[in-house]
Amino acid sequence: MRTRVTDMFGIELPIFAFSHCRDVVAAVSKAGGMGVLGALYFTPEELETELKWIDDHVDGKPYGVDVVMPASYEGADFAPEELVGRLQSMIPEGHRAFVEGLLAKHGVPALSADAEAGRVLLGWTDATARPQVEVALRHPIALLANALGPPPADVVELAHSHGVKVAALASTPRHALKQVEVGVDVVVAQGTEAGGHTGEISTMVLIPQVVDAVDVPVLAAGGIGNGRQMAAGMALGAEGVWTGSIWLAVEEADTPEMAKRRILEATSRDTVRSRSWTGKPARLLRNEWTEAWESEESPGTLPMPLQFMLVSDALRRIGRSDASELATFPAGQIIGVMNQVRPAKDVVFGLVEEYGEALERLERLTGD
């Protein structure tokens with residue numbers, strides 16, 4: 001398969017795989033696509049370790065790094081050294097009480113005294129994401145992607161000075177145009193079916209609009225889980241696909257067993273766009289956590305990054321308890337057809353095989 005993105009990155013297949021698991025990233029790149037490591041949950045020191053491991057295990061194949069540098073968030077004008085303290089002071093006590101009450105209702109215990117300190121901010125801000133960018137550019141990455149809004153122009157210039165291409169996700173044609181204005185090389189048109197932060201327009205509607213709006217290569221994202229969907233995205237004008245949720249249940253994924261089991265059991269109706277994770281709309285697995293934040297008792301969610309700062313320790317407590325009814329995580333609607341655990345390379349090859357079958361079926365329909 002050859003498109004502008006395969007030529008741009010020197011890859012065999014225009015299949016991009018977003019994952020927070022380094023093993024998945026390496027496996028997809030070695031299979032001919034491009035793995036993209038989500039940097040959000042790593043400290044700069046941890047990210048250095050993860051990327052060094054990928055360097056040593058990717059067999060020289062290209063890979064990318066995804067960061068979160070939102071265009072707008074609370075505290076954007078705060079000095080880095082006072083950022084966490086000032087943001088913490090902005091969280092209302094009523095919201096803290098609501099979270100504690102929800103945990104108590106479900107019998108979620110407190111963290112032990114020797115538990116590792118929580119990470120209340122992560123890379124949700126420009127100040128906390130820039131160190132991740134610096135680490136990433138010290139490695140031979142081929143792509144730097146930004147998951148929320150257009151990346152800062154100086155970051156795009158910095159990446160280009162290192163010979164690294166830049167991609168950014170867009171959920172409307174207007175967003176795509178803003179990405180191109182700051183110099184991105186690839187636009188990921190992500191429909192509402194996608195897991196994580198996503199907009200309201202469906203993939204089928206969004207892709208041709210974005211393709212018509214920009215002159216850079218477009219990747220189709222949102223609900224891409226098999227070769228037929230890949231073929232549909234390419235037919236709509238995309239030059240590759242950006243996938244995420246389908247890697248949550250592969251053999252290499254470090255997804256907790258409880259979460260992996262729920263993914264395999266879920267239907268496509270078991271996800272919901274909710275602000276209960278970060279304060280911005282994100283598609284999550286629907287459960288009693290997401291429903292509680294939509295209930296009449298809810299005080300309402302807080303803007304980014306306050307919401308995650310509010311719930312970060314709660315999510316850790318849930319993860320260490322038996323309260324599976326509260327355990328939520330980003331997941332797209334494609335989980336409805338994910339019902340078995342396979343090696344990542346088999347998923348890649350399955351996409352390609354099904355893609356070919358889809359093209360053959362279309363050729364038969366249009367043949368003499």
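**Note on strands and salt bridges in the predicted model**

1. Glu48 is partly exposed, because its relative accessibility is 27% (buried means under 20% relative accessible area, exposed over 50%, partly exposed in between, with a 1.4 Å probe and protein chains only). This is a predicted model, in which local features need pLDDT of at least 70 and side-chain atom pairs count only at pLDDT 80 or more, while totals for chains, interfaces and linings use all residues. Residues are numbered from 1 along each chain as its sequence is written, and side-chain values use heavy atoms, with hydrogens and water left out.

2. Glu48 and Arg138 join their side chains in a salt bridge, at 3.7 Å from N to O (a salt bridge is a side-chain nitrogen of Lys or Arg within 4 Å of a carboxyl oxygen of Asp or Glu). The pair links distant parts of the chain, 90 residues apart: Glu48 lies in helix α3 (residues 44-57), and Arg138 in the loop between α6 (126-136) and β4. Helices (H or I, at least four residues) and strands (E, at least two) are DSSP runs, numbered from the N terminus. Arg138 counts as exposed, at 56% relative accessibility.

3. The whole structure holds 11 salt bridges. One of them joins Glu93 to Arg96, with the closest N and O atoms 3.6 Å apart. Both residues belong to helix α5 (residues 93-105), and because they are 3 residues apart, about one helical turn separates them. Glu93 is exposed, with a relative accessible area of 58%, whereas Arg96 is partly exposed at 28%.

4. In helix α13 (residues 306-319), Arg316 and Asp313 are likewise 3 residues apart, so about one helical turn lies between them. Their side chains form a salt bridge of 3.3 Å, N to O. Asp313 is partly exposed, its relative accessible area being 33%. Elsewhere, a network of salt bridges links Asp126, Arg130 and Asp154.

5. Eight strands make a closed barrel with parallel pairing, in the order β1-β2-β3-β4-β5-β6-β8-β9 (two strands pair if DSSP finds at least two bridges between them). Gly64 stands opposite Leu143 of β4.

6. A separate description applies to the open sheet, where 3 strands pair antiparallel in the order β7-β11-β10. β7 (196-197) and β10 (271-274) are at the edges with a single partner strand each, so one side of each has no neighbour in the sheet. Between β7 and strand β11 (residues 282-285) there are 2 bridges, and Gly196 has Arg283 as its bridge partner in β11.
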